[in-house]
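Please keep the sequence and the structure in view while reading.

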Amino acid sequence: MTHLSTSAPPGVRRWRGLAAALAGALLLAACGGGSTADLEPDELAGEADADEDADEGDGDATAGAGGDLDLTLLSTQLRPVEEAEAVRNVVLADFPGTVEFIGEDDGPFVDRILAEAEAGSGSVDVIGALHGDFGTFAAEDVLMDLSDLLEELSADREFPDSLVELTRFGTDAVYYIPWVQATYAMVASTEAIEYLPDGADLQALTYDELLEWARVLEEETGAPQFGLPAGEDGLLHRFFQGFLYPAFTGGLNTTFTSDAAVEGWSWLQDVWEHTNPQSTTYGFMQEPLLSGEVMVAWDHTARLIGALEERPDDFVAFPSPVGPEGLAFMPVVGGLGIPATSPDPEGARQLIEYLTRPDVAALTLRETAFFPGTGDELPDDLEGGVGALAEVVAAQQDSPDALPSLLPIGLGDQGGAYNKVFQDSFRAIILQGSDPAGVLESEAANLQSVLDAAGAACWEPDPDTGDVCQVG
Amino acid sequence: MAATDTPDRTRRLGHLGLAPYVLLLPSLVFLAVFFARPMVDAFTLAFEDPSGGFGLEPIRQMMADSRFGEALRTTLILLVAIVPVQFVLAMSMALVINAKLKGQSVWLYIYAIPLAVSELAAGIIWLSIFTQRGWLNSWLIQTGLLEQPFDFLGYQNRGWLIAAIVLAEAWRATSIIMIILVAGLQSIPSDYLEAAEIYGANLWKRIRYVILPMLRPSLQVALILRTVLALQVFAIVIALAGASMTVLSAEAYKWQVTYRGPNVAAAYAGLILLLSSSAAALFLWLLPASPRSGRGALNRAARPEPEREEVSR
């Protein structure tokens, strides 16, 4: 077991501040966005299970009788094979019982939980999902109230108040226990650094400087070296929703067709000229970074960590670029809940207790690059990759230009259709070369249909009007 | 011969009474529950308005979708490209195996290896070949044929992308066609081929006038199967093309799972079924099992006289 230390490196120690900043941003959005704030699934990961080790005395007590526990943890997070294997073989290894960890697509995941609730009988003991998924379940009232578990756990864990507030969905109940947090960042090979534009600061790179960097890299190396996760299972739509749009327009839905939005898409058209065209097959950017197909990439931290861990001397992590409106970034929060139909609610609580232990959270961080959902300090012995990402995440959130943009909120099962609007815009504007203004105008109607169907109010960075969000 | 067989067969069947129908019942029930019912449900879903009544909204939504045209076009292109390639390959492989060469069974095992590989695994294998740092580019650079890696899988190199998918799919699914053709070839009585040889027919003439006509039932089955499979191509496209290319089955999946639009997904599924059925009907019409009576593949195999006459000229 790894003990948390008070003498962590400066970058790593900032995690507490980071978590607080993230939590503050979320609370702000929750307050402004109504009580049904809901983060859409993306990628958080969860893992774990209870460890019975001696330095967690209470763990022994609760799990002692659970040697024959047989639980099912269904999660929309940590689905990629490597992450899921890390959860099963490392994070859950010390849990006193058997945990079947099942990664599930968002759609079937929601269907399964709701169907089990409707049937009045279920097979899932614990669910791991993003805030947005829990919003859907809270509205359907298919989860157990975990207020007492949260209180119990808070005795030796520091859940940020703002996150706890989110878990209530405007009620007195607690629908999930904060589990993991993550965001997105950039990674470059150290060889690429020498081609940085004059005067550019890697820690505060602007979109224009990134474009120039990509151009010079292609010119000097003879091949496009910038990469984006534009494949089928890539998260490029999050780049639009949480980075490009807010950074250029200061909004998202309400500025969807604005001149600033056209400017943002034009930037992407320009940078795409110097982007490896094989990006449309990339799901995780760590592979093309490691294989040398690209030298600079943006992606989710959990999808970059492989490169930083495998060859820490060859890669550096740095914050997402700064746009005209600021350094936009998207924090991601996930939690653990118990369905009302859980076959073993007591075992489920033990599993959540285990997964949120500081040492297990630290293990999760090392294995999957998902940061803890508690505000506890990070361990001081984080190795290169995770430590580097922790510093970047801190820099991103501590920046005076920081512009946190939340995952889509309140969309329920319209999340996939919402992402499709951005994916289709990308295909039309970038891959097919259509005029950005025209494409945005026609996609705006699709976007409005999705928001109407979900009845979703605007969320940060759009101003909330209390009514269904109107595309602008 | 047929004239004398028929009364015997009828008498024998008469003794069986209802037994054949009883024996068929389980499979009929299975088909009704697990095939017909879901199919009817899918069609119902495809014609369901948001209000729940009958309507064409899902069809309209499917056709208005920005990816529909590309998905349909790509699926048809792949169909046209994959089927002929696989048939030429499968026929060649089947003839090699049927030639009773030394080590015949070794060839069969080698050819059958891809049967054990799933579609997605096949896609990943070929991805490792065609990607920029893959085997093909490495080899081309090592041999000096290329200076920089070529992007075979880039969205802008659509021709190469389709070629890569066709190759991968041909590698993966040709064996199943080959197995069907080998079975067909081995059911051809050797005396027909020997007779053709005695009459002076060379290899091409034996293929043209004996083998192919007698293989028609197997060809029909293989063509229908191959076409249906080509319309269902999914994982290989996802693995090799990523977001660069889409096909009907991929859109059906995404509408069902990702976009949560079961009605539109059902519309896509209905379209795939319609195309499959049309292709099957086309092959049944183009390749009647018996050119004279149109009844039964086995009858055709038992009456090769016209071909013998042709060969003897």
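## A cis peptide bond in chain A

Pro461(A) lies in the segment after α19 of chain A. Helices (H or I, at least four residues) and strands (E, at least two) are DSSP runs, numbered from the N terminus. The peptide bond from Glu460(A) to Pro461(A) is cis, and its omega is near 15°.

This is a predicted model, in which local features need pLDDT of at least 70 and side-chain atom pairs count only at pLDDT 80 or more, while totals for chains, interfaces and linings use all residues. Residues are numbered from 1 along each chain as its sequence is written, chains are lettered from A and ligands numbered from 1 in the order in which they are written, and side-chain values use heavy atoms, with hydrogens and water left out.

## Two residues with positive phi

Most residues other than glycine have a negative phi, and most peptide bonds are trans. Leu78(A) is not a glycine, yet has a positive phi of about 60°. Its place is in the loop between β1 (69–75) and α4 of chain A. Leu78(A) counts as buried because its relative accessible area is 1%; buried means under 20% relative accessible area, exposed over 50%, and partly exposed in between (1.4 Å probe, protein chains only).

Asp141(A), also not a glycine, has a positive phi of about 55°. Asp141(A) is found in the loop between α6 (131–140) and α7 (147–153) of chain A. With a relative accessibility of 56%, Asp141(A) counts as exposed.

## A helix pair in chain A

Helix α4 (residues 81–91) and helix α16 (residues 358–368), both of chain A, have axes that come within 10 Å and cross at roughly 145°. Axes are lines fitted to C-alpha atoms, for helices over the stretch in contact, and angles run from 0 to 180 degrees between N-to-C directions. The crossing of α4(A) and α16(A) is right-handed; a crossing is right-handed if the near helix is turned clockwise from the far one by less than a right angle, and left-handed if anticlockwise.

From α4(A), Glu83(A), Ala86(A), Val90(A) and Val91(A) meet Val360(A), Leu363(A), Thr364(A), Glu367(A) and Thr368(A) of α16(A). Contact means heavy atoms within 4.5 Å. By class, the contact of α4(A) with α16(A) has 5 nonpolar, 2 polar and 2 charged residues. Ala, Val, Leu, Ile, Met, Phe, Trp, Tyr, Cys and Pro count as nonpolar, Asp, Glu, Lys and Arg as charged, and the others, Gly among them, as polar.

## A buried residue in chain B

Ile177(B) is placed in helix α8 (residues 158–186) of chain B. Ile177(B) counts as buried because its relative accessibility is 0%. Not counting residues up to four places away in sequence, Ile177(B) touches Gln86(B), Phe87(B), Ala90(B), Ala222(B) and Arg226(B). From C-alpha to C-alpha, Ile177(B) and Tyr111(B) are 11 Å apart in space, and they are 66 residues apart in sequence.

## The two chains as a whole

Chain A has 19 helices and 12 strands, and buried residues make up 63% of its 472 residues. Among contacts in chain A with a separation of 6 or more, 80% are between residues 24 or more positions apart.

Chain B has 16 helices and 0 strands. Of its 313 residues, 41% count as buried. Among contacts in chain B between residues at least 6 apart in sequence, 67% join residues at least 24 apart.
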